[in-house]
Amino acid sequence: MSTCKIHNGEYNYLAYETPIQYNPFDFVQEDILASTDSEEPLGSTRIANLRGDRPDVRVEPFAGEDLSLQPSPRQARALAFEGGKDSHTQRNKCCSSPLFELMADAFYELSSSPQFGFRSAGNIASLIQKRAQGRFGQSFEVIVSLGDFATASYALGDETCKYQERGFTAMAYATPVQYDITRTEEEEYLSSISSRDPLGATEPSLPGQRAFHTPLAVVAGGARNGFPVGSHCGPERSGSKCCNVALFEVMQSSYESLINRPNFDPYNTRVIARTIQYDVEERLGLSFEMVVSTDDFATASSYSEDNICKFRIDRYYVMAYESPVQV
């Protein structure tokens, strides 16, 4: 087997031949495999630029080699499991890209716990069901197994997805006969039925798993005191532009208050944008435009004075600027 490991005084590098060979020209599979490591604490699909601490070649042509060609995990997943009735193999059927994204996120979050293992099937099922019902506003059936399985049921619409990940086979589909998911007592009873089984659980989490929220680092002292680390308010082309510390503080506090609500839906970017917009306008007494996205973006608009701030926090890019024409 071909293998090589070297050390250059700062980093260790290891390359070795894949034990079980796969087709490197299956680009969809290659992309999703290549993107897996980017979700880890030291992983990346491009040069580290979470807070604008280093130039990004996509905004600064002289930053160096273009490392942005590798797709993000979100892009790779969308390519591998694109929505549509024909998006399935003999064993798997996945007709909803948003549902697949939600299920994959559940596995990613729970697998960061040191207690994640074959006994976590109930926790996985609970989290997938909670997220799916919150995102789609429908009741969902969820099956998580250590082996493959067959089902005989009626699926409602295209909200169905079955696939394998991290040693499990998981399936989620909209309940054939919908029930009221807002009736909390009945919902808790239904979701607790399998908790009596050896692999059952009602908790949609595991001890020690990676937190959803990472507090944003801010500058302490100097001219940029209180602003996000890596931000700027000048002609720089790297990092995010944030020129009003009062605006930033309202945006940050509003976001942190929202994600701590019991019914917070991490996929509902509209609610995030509207909540921050309302708080900013109420506090500053001006109308503001809001943009919230799970991917970076560019804008072309007009704004007054220094009432603009953009930053990245958790899985979101957030931007607010004073409306060009006040209402």
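Modeller: C94 is buried, with a relative accessible area of 1%. This is a predicted model, and in it C94 is joined by a disulfide to C161, with 2.0 Å from S to S. C94 lies in the loop between α2 (73-80) and α3 (97-110) and C161 in strand β4, so the bond ties together parts that are 67 residues apart in sequence. C161 is buried as well, at 0% relative accessibility. The link of C94 and C161 is left-handed, with -95° about the S-S bond.

The count of disulfides comes to three. Another one pairs C233 with C243, their sulfur atoms 2.1 Å apart. Both cysteines belong to the loop between α5 (184-191) and α6 (245-259), ten residues apart. C233 is partly exposed at 37% relative accessibility, whereas C243 is buried at 11%. With 105° about the S-S bond, the link of C233 and C243 is right-handed.

C242 forms a disulfide with C309, and the sulfur atoms are 2.0 Å apart. C242 is in the loop between α5 and α6, while C309 is in strand β7, 67 residues away. C242 and C309 are both buried. Their link is left-handed, at -90° about the S-S bond.

With the bonded cysteines numbered in sequence order, the pairing reads 1-2, 3-5, 4-6. C95 is in no disulfide, and the nearest cysteine sulfur, that of C94, is 7.0 Å away. C95 is buried, with a relative accessible area of 6%.

Definitions and conventions: Residues are numbered from 1 along each chain as its sequence is written. This is a predicted model: local features need pLDDT of at least 70, side-chain atom pairs count only at pLDDT 80 or more; totals for chains, interfaces and linings use all residues. Side-chain values use heavy atoms; hydrogens and water are left out. A disulfide is a pair of cysteine sulfur atoms within 2.5 Å. Helices (H or I, at least four residues) and strands (E, at least two) are DSSP runs, numbered from the N terminus. Buried means under 20% relative accessible area, exposed over 50%, partly exposed in between (1.4 Å probe, protein chains only).
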